[in-house]
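Open the model in your viewer and keep the selection panel at hand. Each stop names something to select, then says what is there.

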Amino acid sequence: MSRAPGPGPDPAAPELVFAVLNEVGIIHQLSSSALLKALPDGLQIAHFSVLNHMARLGDGWTPVRLARAFQVTKGAMTNTLQRLEARALVRIEPDPKDRRAKRVFFTDAGREMRARCLAALGPELARMGAALGAAPFETALPALQAMRAWLDADRSQVR
């Protein structure tokens with residue numbers, strides 16, 4: 001395969017890109033099923049995902065920004081946030097700068113629930129890590145992070 005002029009990696013064939021993304025999709029389906037079985041207290045994947053997102057990137061996001069991040073409708077995100085708020089896992093407050101907007105914040109109970117979820121997943125994650133060893137994860141992580149970053153940046157491009 002010839003290299004495109006200028007700096008940068010060799011382009012990947014569409015078939016290779018599809019094969020990798022197809023594997024990621026299958027892994028997502030299998031891991032989501034296992035996650036749903038492990039989540040405590042009837043928590044749903046969408047609920048855990050929001051808690052995990054806030055743990056990774058901080059809280060204080062607006063519902064609209066969360067909906068965009070998760071690529072769901074504002075209504076779907078509002079429903080998820082209402083369920084989390086009803087369980088006291090988040091609190092929703094008016095934005096101090098724009099009283100029409102709201103901001104979503106972790107509660108101590110939300111942080112504890114995320115920790116419980118990770119603890120519930122621990123044995124399965126340890127089993128997988130023991131079976132496969134560290135190498136596949138160490139190799140895959142940078143590539144998957146690069147793919148995620150590209151997809152995230154590209155979704156805002158106008159076509």
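**Stop 1: the core**

This is a predicted model. Start with the largest nonpolar core, which has 20 residues. Select Leu-43, Leu-51, Met-54, Leu-81 and Leu-84, the residues with the most contacts inside this core. Now colour the elements that give two or more residues to it: α2 (45–57), α3 (63–70), α4 (74–86), β2 (102–106) and α5 (108–132). Which of them gives the most? It is α2, with four residues. As background, nonpolar side chains in soluble globular proteins tend to be buried together.

Stay on Leu-81. Leaving out residues up to four places away in sequence, Leu-81 touches Val-50, Pro-63, Leu-66, Val-90, Ile-92 and Val-104.

**Stop 2**

Select Phe-48, which lies in helix α2. Is Phe-48 buried or exposed? Its relative accessibility is 7%, so Phe-48 counts as buried. Show what surrounds it. Residues up to four places away aside, Phe-48 touches Leu-35, Leu-39, Leu-43, Arg-114, Cys-117 and Leu-118. For a distance check, pick the C-alpha atoms of Phe-48 and Gln-29. These two residues are 19 apart along the chain, and the C-alpha atoms are separated by 16 Å.

Next, select His-53, also found in helix α2. Buried means under 20% relative accessible area. His-53 has 9% relative accessibility, so His-53 counts as buried. With neighbours within four places in sequence set aside, His-53 is in contact with Gly-58, Trp-61, Leu-66, Ala-69 and Phe-70.

**Stop 2: α2 against α3**

Show α2 and α3 together. They pack at about 105 degrees, and their axes are 12 Å apart. That angle makes α2 roughly perpendicular to α3. Which residues meet here? On the α2 side, select Ser-49, Val-50 and His-53; on the α3 side, select Leu-66, Ala-69 and Phe-70. Coloured by type, the residues of this contact divide into four nonpolar, two polar and no charged.

**Stop 3: α2 against α4**

Switch to α2 and α4. Their packing angle is about 85 degrees, with the axes 10 Å apart. Angles of 65 to 115 degrees count as roughly perpendicular. The two helices are therefore roughly perpendicular to each other. From α2, select Ala-46, His-47, Val-50 and Leu-51; from α4, select Met-77, Thr-80, Leu-81, Arg-83 and Leu-84. The residues of this contact of α2 with α4 divide into six nonpolar, two polar and one charged.

**Stop 4: two loop residues**

Go to Asp-41, in the loop between α1 (14–38) and α2. Phi of Asp-41 is near 55 degrees, a positive value in a residue other than glycine. Asp-41 is partly exposed, with a relative accessible area of 48%.

Finish at Gln-71, in the loop between α3 and α4. Gln-71 follows α3. What is its phi? Gln-71 has a positive phi of about 55 degrees although it is not a glycine. Gln-71 counts as exposed, at 60% relative accessibility.

Note on methods: Residues are numbered from 1 along each chain as its sequence is written. This is a predicted model: local features need pLDDT of at least 70, side-chain atom pairs count only at pLDDT 80 or more; totals for chains, interfaces and linings use all residues. Side-chain values use heavy atoms; hydrogens and water are left out. A nonpolar core is a set of buried Ala, Val, Leu, Ile, Met, Phe, Trp, Tyr and Cys residues joined through side-chain atoms within 4.5 Å. Buried means under 20% relative accessible area, exposed over 50%, partly exposed in between (1.4 Å probe, protein chains only). Contact means heavy atoms within 4.5 Å. Axes are lines fitted to C-alpha atoms, for helices over the stretch in contact, and angles run from 0 to 180 degrees between N-to-C directions. Angles under 35 degrees count as roughly parallel, over 145 as roughly antiparallel, 65 to 115 as roughly perpendicular and the rest as oblique. Ala, Val, Leu, Ile, Met, Phe, Trp, Tyr, Cys and Pro count as nonpolar, Asp, Glu, Lys and Arg as charged, and the others, Gly among them, as polar.
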